[in-house]
Amino acid sequence: MGDQKKDIPPSFQPSQPRQRPSASDAKPARSRHTTRGRRHDVERRSIKTGAAQPNNSDRQAHDQRTPRQRVGRREDSPSPAQSRSQYSNRSQRQQPPPSYAPRQRGQAQSHGQPVRRQLHGAYIPARSTEPFAEQGSYPVPTKGRDGGGSEQVFAPAAPRPRRRRRPLRRAAIVLVILLILVLAWPVGLLWWASSKINHVEALSDSAATPGTTYLLSGSDERDGDYSVNDGTEGRRSDTIILLHKASNGQTSLVSLPRDTWTEIPGYGHSKLNASYAWGGEKLLVESVENLTGLHVDHFVEVGMGGFTRIVDAVDGVELCLDYAVDDPSSNLTWPGGCHHADGDTALAFARMRYADPEGDIGRAARQRQVMSAVLDNALSGDTIINPIRQVRVAGSGAAAVTTDPDTSAYDLGKIALGVRKASKDGLMGAPPISNLGLPTAAGLAVELDPDKIDDFFARLREGALTPTDFEKNQ
């Protein structure tokens with residue numbers, strides 16, 4: 001009896017240890033992602049083997065998820081690959097390429113430096129995986145840990161690159177601006193000055209001659225504020241200067257005495273300045289052309305009032321006269337020597353003739369001296385570097401002159417440079433004179449040397465004069 005084994009009920013029999021299934025026989029834990037994972041596996045295998053892929057009806061038969069489940073999986077739920085991997089040997093898993101290596105969640109920072117994460121084959125600095133953890137972050141879709149599904153990583157916005165300092169570029173910009181100002185300022189100044197010039201029809205229809213000829217006239221304005229009571233009626237031209245630039249570049253300045261005895265077209269012989277009183281600027285131009293044989297290209301007239309304003313605009317001029325003068329007719333009181341003269345004094349200095357022993361010849365020389373002094377101050381460095389003075393000089397000079405319609409402020413600048421060049425080369429003076437007191441019906445006149453005058457004006461046209469030609473006539 002004792003040796004006989006009693007039957008033990010099955011419920012009390014010792015349980016046998018369950019054997020763990022192998023990786024090949026184990027079934028993966030089912031989840032709501034299994035169907036989609038299987039479908040993806042089937043598609044991948046079909047692509048590799050070339051088998052036919054399941055159609056839409058097969059996919060719908062296997063996809064038993066609810067619409068809410070088909071929206072997407074939660075980030076904390078395992079993927080199909082993760083469910084299968086718990087029964088597989090991890091050492092035998094095929095490692096993905098480095099460009100698709102899975103990103104480890106919650107990876108700590110090392111030594112205070114941000115961990116660099118791999119995004120689509122490129123590395124970006126990872127600051128936080130929490131949504132909107134930092135201002136300026138934005139969601140970036142990435143691959144899942146196992147290559148399936150999707151996940152959002154809030155990558156920080158790229159920092160604004162620091163602007164590199166480029167001193168050469170700034171210097172070039174400043175240089176371009178200065179160049180524009182340097183070029184635009186003279187153009188604007190000339191345009192503004194040209195708008196202030198008064199114009200009059202003065203040129204004739206005579207045939208053109210080689211070179212460029214300017215006729216400069218100084219009117220006494222006897223009906224204006226600067227009239228002189230010397231018994232002369234009407235307008236007179238106290239100053240008649242011919243500036244000629246020959247074809248070879250030679251520039252000469254010739255002072256024609258106002259009392260030069262010559263033929264006035266339509267009136268016969270008389271003093272040269274009478275043409276201005278009888279026929280104005282046009283008749284004066286025709287008379288000078290008839291005397292010299294040169295065609296006048298530009299006419300410029302300066303009145304007494306304008307002359308004083310020009311001298312004052314350049315802050316006066318330095319004038320020299322060897323002897324003392326006290327002339328009531330010109331209102332000039334001058335101690336001998338060199339003195340600084342303002343506009344009124346310079347005007348009296350240029351007009352005085354009765355107290356001058358040389359008469360019109362001496363007065364013409366003083367007029368050229370005043371003209372040269374005014375131009376030297378107007379073209380000096382103080383004027384070039386001072387825009388305010390440039391405006392004052394250009395405005396005073398343009399408002400003081402009357403020209404023909406074809407003469408602009410640019411031509412006035414050429415006249416100034418021409419006078420300065422003639423003075424520097426010594427090619428300025430009077431034409432050959434044979435008699436300073438020629439008796440005529442109009443009073444004493446100046447007679448030009450009939451034996452030399454034609455050759456003198458011919459050489460003037462050709463640009464063949466020398467300083468010696470003017471020294472004989474001083």
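Take helix 8 and helix 9 to start with: in this predicted model, they are roughly antiparallel to each other, because their packing angle of about 150° lies over the 145 degrees used as the cut-off. Helix 8 covers residues 343–351 and helix 9 covers residues 360–378, and their axes sit 7 Å apart. On the helix 8 side, the contact is made by A346, F349, A350 and R351; helix 9 brings R363, R366, Q367, Q369 and V370. Sort those residues by class and you get four nonpolar, two polar and three charged.

Now hop over to another pair, helix 5 (residues 167–194) and helix 11 (residues 387–400). Here the axes are 9 Å apart and the angle is about 30°, which makes helix 5 roughly parallel to helix 11. The crossing of helix 5 past helix 11 is right-handed. From helix 5 come W185, L189, W192 and A193, and they meet P387, Q390, V391, A394, G395 and A398 of helix 11. This contact has eight nonpolar residues and two polar ones, with no charged residues.

Last stop, helix 6, residues 274–292. How far does helix 6 span between its end C-alpha atoms? Just 17 Å, whereas a straight helix of 19 residues would span 27 Å at 1.5 Å a residue. Find G280 and you'll see helix 6 bend there by about 135°. Just after helix 6 comes another glycine to look for, G293, with a positive phi of about 80°.

Conventions. Residues are numbered from 1 along each chain as its sequence is written. This is a predicted model: local features need pLDDT of at least 70, side-chain atom pairs count only at pLDDT 80 or more; totals for chains, interfaces and linings use all residues. Side-chain values use heavy atoms; hydrogens and water are left out. Axes are lines fitted to C-alpha atoms, for helices over the stretch in contact, and angles run from 0 to 180 degrees between N-to-C directions. Helices (H or I, at least four residues) and strands (E, at least two) are DSSP runs, numbered from the N terminus. Angles under 35 degrees count as roughly parallel, over 145 as roughly antiparallel, 65 to 115 as roughly perpendicular and the rest as oblique. A crossing is left-handed if the near helix is turned anticlockwise from the far one by less than a right angle, and right-handed if clockwise. Contact means heavy atoms within 4.5 Å. Ala, Val, Leu, Ile, Met, Phe, Trp, Tyr, Cys and Pro count as nonpolar, Asp, Glu, Lys and Arg as charged, and the others, Gly among them, as polar. The expected span of a helix is 1.5 Å times one less than its number of residues. The bend at a residue is the angle between axes fitted to the seven residues ending there and the seven starting there.
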